[in-house]
Amino acid sequence: MNVYDQAHKLADAIRESEEFKRYNDVKKKVEANPDLDKAIKDFTKKQFELQASQMMGKEMDMEAMQQIQQLGAVLLQDPLTNEFFQCQMRFSTMMADAYKIIGDVADFGFGPMGDMGSFR
């Protein structure tokens with residue numbers, strides 16, 4: 001069994017999945033609306049920046065977090081935006097599950113929090 005052939009089959013299966021098709025369809029609708037597309041991208045960027053600063057051990061910026069929550073609440077009032085985020089979450093969950101299945105094969109001895117465990 002060739003791993004690369006199987007990887008291509010997995011990519012094809014992902015492209016054929018309902019999660020990918022729905023996400024891709026809704027994403028195209030969002031991209032057709034430049035204002036909405038920009039608003040979603042700005043929201044996602046701010047959310048990512050806040051998460052990255054938290055992961056780097058920086059103190060939580062409560063004002064920035066409130067702004068992101070308020071922006072998210074406003075965005076989710078739009079039905080297309082709401083559908084986009086739901087489809088994105090379903091697709092991301094599917095991909096995370098696939099990564100986990102693949103990652104379980106490559107047990108490098110890291111624990112759940114990245115701690116070094118015993119190597120076998």
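The model is predicted, and local features need pLDDT of at least 70, side-chain atom pairs count only at pLDDT 80 or more, and totals for chains, interfaces and linings use all residues. Residues are numbered from 1 along each chain as its sequence is written, and side-chain values use heavy atoms, with hydrogens and water left out.

The protein chain contains five helices and zero strands, where helices (H or I, at least four residues) and strands (E, at least two) are DSSP runs numbered from the N terminus. Along the sequence the pattern is α-α-α-α-α. Of the 120 residues in the protein chain, 19% are buried; buried means under 20% relative accessible area, exposed over 50%, and partly exposed in between (1.4 Å probe, protein chains only). Among contacts (heavy atoms within 4.5 Å) between residues at least 6 apart in sequence, 60% join residues at least 24 apart.

Two packed helices are described by the angle between their axes and the distance between the axes. The axes of helix α1 (residues 3-16) and helix α2 (residues 18-31) come within 5 Å and cross at roughly 55°. Axes are lines fitted to C-alpha atoms, for helices over the stretch in contact, and angles run from 0 to 180 degrees between N-to-C directions. The residues of the contact divide into two nonpolar, no polar and four charged. Here Ala, Val, Leu, Ile, Met, Phe, Trp, Tyr, Cys and Pro count as nonpolar, Asp, Glu, Lys and Arg as charged, and the others, Gly among them, as polar.

Glu18, in helix α2, is exposed, with a relative accessible area of 53%. Phe20 lies 9.6 Å from Met95, C-alpha to C-alpha, and the two are 75 residues apart in sequence. Met95 belongs to helix α5 (residues 79-105) and is buried, at a relative accessible area of 16%.

Val30, also placed in helix α2, is buried, with a relative accessible area of 2%. Leaving aside neighbours within four places in sequence, Val30 is in contact with Leu36, Asp37, Ile40, Leu80 and Phe84. The C-alpha atoms of Val30 and Thr81 are 7.5 Å apart, although the residues are 51 apart along the chain. Thr81 is in helix α5 and is buried, with a relative accessible area of 0%. Residues up to four places away in sequence not counted, Thr81 touches Leu36, Ile40 and Leu75.

The largest pocket holds about 210 Å³ of space. Its lining consists of Phe43, Thr44, Gln47, Phe48, Gln51, Gly72, Leu76, Phe85 and Gln88. The elements that give two or more residues to this lining are α3 (34-55) and α5, and the largest share, five residues, comes from α3. The lining residues divide into four nonpolar, five polar and no charged. On a 1 Å grid over the protein atoms alone, a pocket is an open set of points where a 1.4 Å probe fits, with protein on both sides within 12 Å along at least five of seven lines, and lining residues have an atom within 4 Å of a point.

How values were computed:
Points joined across faces, edges and corners; volume = space filled by probe spheres on them.
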